[in-house]
Amino acid sequence: MHGNGYNGTVRIGFYICHCGHNIASIVDVKAVAEYIKSLSGVVVSSEYKYMCSDPGQELIQKDIKEHSLNRIIVASCSPLLHEHTFRTAVEKGGLNPYYFQMVNIRENVSWVHTDMKAATEKAKDLARAAVQRVFHHKSLETKHVKIHPDVLIVGGGIAGIHAALTLANAGKKVYLVERDPTIGGHMAMFDKTFPTLDCAACILTPKMSQVKNHPNITLWTYSEVAKVDGYVGNYKISVRRKPRYIIEGLCVGCMDCIEKCVYKEGKTPDEFNLGLSKRKPIYIPFPQATPQIVVIDPETCIEFKSGRCKKTCVEACDRKAIDFQQKEEIKEIEVGTIILTTGYQPFDASRVPFYGYGKYPNVYTSLEVERLVNASGPTGGELILRDGRHPKTVGIIHCVGSRDKNTNRWCSRTCCMYSLKLAHLLKEHTDAEVYNFYIDIRAAGKSYEEFYDKLLDENVHFIRGRVAEVSDWAVRPSEEGKLIIRAEDTLIGIVRRVPVDMVVLAVGMEPQADSQDVRRMFNISCSTEGFFLERHPKLAPVDTFTDGIFIAGCCQGPKDIPDSVAQAGAAAAQALILIDSGEIELEPNTAYVVQEECSGCRTCLTICPFTAISRDEAKQKAFINEALCKGCGTCVAACPSGAIKQNLFEDEMIFSEIDGLLKMESPACC
Amino acid sequence: MKYLYYPGCSLRSTGRAYEESLLSVLKVLDIPFEELNDWNCCGATSYVSIDETDAFALAARNLALAELQSPDGTINLIAPCSACFLVLLKTERYLESYPDVREKINSTLDKAGLHYHGRVNVRHPLDVFVNDYGLENITKRVKYPLKGLKVASYYGCQMVRPFKTFDHSHYPETMDRLVNALGAEPVDWPLKTRCCGGSLTGTIQEAGLRLNRLLLKEAEKRGADIMLTCCPLCQHNLECYQERINRKFDEKIDMPIAFFTQLMGVALGLSEKELGMQRLFKMPSLNQITHPKGEMVNAW
């Protein structure tokens, strides 16, 4: 009979795991083992405290030999955790590993139920389904695929930069794709970094220039990934290179064109300075932008809007690098692994209207203040407020868009520390009185608590309490013309009104606005708040559920620079493991065509997402290339004649499993 | 769509001007409505703080009656008083979210031959005018644009908190947009949802007066000619204690406090009587409101 590759009698060994108390406290494991023993085909049925332990695995191997078992079922945790463990144990016992079946009675039963009786019944049902299924299991060969050695990194912030340099220094070829005209990300916008107070640009820009000059790195800025095809080891990527209307090979970044632009002054809010200064339609984001290449913004350039500009920029360029005709370009590349370092977006402070951002000019976000105190910022580092004043008192409000169930519930992890840093910088620049309004100071990091101590010594004020509102509601003469911060001081139990000249909102970190689109494109998952989901929160923090795709930095969750860099290094190392091992084992879950049943209708050819199916014109039949098939099952479901089957998911297996769940005797197993 | 109207007790006592103006405006805008038959007290904030379940049963009777009166579809039940609005809304939400509460309340209602199925949407009239009828349509019906009139909209707390329905919980703007649509000038101020003292004016009067003084002073300071409210208790507190506040704190506050429906009515060309204007203690000064042709409108 087709589908049952084993000749002779089916002899099943069933093992149920206590998983300590995890399973055994909710599921009566003895009762389940007892029940399964009564089913036809079951030779051994036993329970054990930890099936994944060495003695647990040895038990299976011993039983295979002693009882001539030829099917093994383990009812325990998720296959994600231990399927590989048990398959290996079965193989060591002398059996093909695909005669093994796993039943998840922890995540699907004991962890989600409280009623022991019902949980035990459910465990029995699931185990019985597996017993009926394994009758149809057969011996399969493991697939191997080669890993293309090149790597794609998406996002050129500090995480992407670090991962790219790590891999490039290890001799691997890297494509670094960045959406903005320059790499550097948010770190390039910061002034100093906590707790050491070294200047962000001083430590970042050398790495940016290494990226630009590294022979193993292809840097594509102003570019976005448009399409992702393929699978681990063999990804085909299309990258859309947006036109910057400058020929990259010719521009040397002399900026003569910018100076000669018909606009004498900038008119467009400057993205890099968060709108605190203006830029021209032809610009370079900031002095150390990498690559040092100009970009033209067609939204504001007169030539693009009217076609009637004098084009003084073209005249000014000796190297003839300006090209108004430049078109978008699509680059096709092949890579084996992908690292996503797409970063975060700062919380939009206007979503909390009672803090007055966008209403009172002297309310700033923390990122704006980074630019304000920066020597290359809009004011050259002088702290001048939007109304032209120099602040004498400043209030910093922590947890704006963090730890708040009305906006974002999570702690953004960096805000306490950067608020301390900004308090220090503001004092240094202005000698103002600085008030921090905090819920808790979270200074958990190397030398972070010491930095907090230092700030206390610098006479920065700390008021513990979430701020209720920022307003211009003055009730005393001393409050006139000021912004009044109202907050409960929870340490002494009073409501304070603190009049200040400047308010800094320590905004939290959010997933990028298009994180869901990116997630779908790369076929990975997001956690509930929208950050990319790691394969395991503790033990696989940079892996995803898609093989060959890794994540690092703030796209995975809020984190500071040291953690982003550590993750980037880890992701690079994970990619290196795949590249240097050269090939990877894949599940033999490929589809195959039962030739005599195929009518040659071509339905499957068009729908295969991996172009694994071709048509043998001589025989007029479909043919599946096993090396290309990823086992998605689309063709199996679509075939009108039912001629396509899939290993590990044969109809007989699935139907027997369903029969088992419904307590129906499956005809195939009798 | 026909609305059901739940007056509540305040609109038949201290807030009669609110009911008179609301009904007149609904009529002039051709918004169909009928009063809920045999309605009872919503229980207000007092009953909920004594026994929540009993209070829910009392309020839920009104919801069940609404279903009896409108046999099909979703019912929009207008509750103009902020306390009624909140209590009915809270009951509606609790019965929807907690099956055990729903079961308990329904078993009580069953004894009176009633049952609540979950078809009622509790609505504030401000929401109905602005979001159902629409600001553009209101502007089209304005006969006397309230040009030059500076209006501080005061929302109070219960309409926006704890449930966020049609506006922001801390910085609502619906009434300001309405004021704008009537041709008047909204005064932006940070105290629009700050407490009016509620029943404190009758219990711990010192605290109540202090809270009202803050609101009145700030509205005055921002140049408001008039304060608008959408709650009978807020209106009562802000209007009736001004003399006492002036005596106690040595102030000279003289601020007219009207229901937003009254101001709508003025702009729509309704008469003083139709809007219950004679019931106000403080009349807004007439010269603020001018006819499009330049003549004074003798609305107040």
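So, which domains does the domain assignment of chain A give? We get domain 1 (12-142 + 651-669), domain 2 (151-242 + 329-343 + 513-581), domain 3 (256-316), domain 4 (347-510) and domain 5 (591-646). Those bounds come from an automatic or database domain assignment.

Quick housekeeping. This is a predicted model, where local features need pLDDT of at least 70 and side-chain atom pairs count only at pLDDT 80 or more, while totals for chains, interfaces and linings use all residues. Residues are numbered from 1 along each chain as its sequence is written, and chains are lettered from A and ligands numbered from 1 in the order in which they are written.

Okay, distances: the centres of domain 1 and domain 4 of chain A sit 58 Å apart, taken over C-alpha atoms.

Now look at some contacts between helices (DSSP runs of H or I, at least four residues; strands are E, at least two, and both are numbered from the N terminus). In α3(A), residues A:Q57, A:I60 and A:Q61 meet A:A89, A:V90 and A:K92 of α4(A); contact here means C-beta atoms, placed from the backbone, within 7 Å.

Next, the sheet. Chain A has an open one with three strands, in the order β24-β25-β26, paired antiparallel. Pairing takes at least two bridges found by DSSP between two strands. At the edges are β24 (467-471) and β26 (494-500) of chain A, each pairing on one side only. Strand β25 (residues 483-489) of chain A is joined to β26(A) by seven bridges, running antiparallel.

Key: Two residues are in contact if their C-beta atoms, placed from the backbone, lie within 7 Å.
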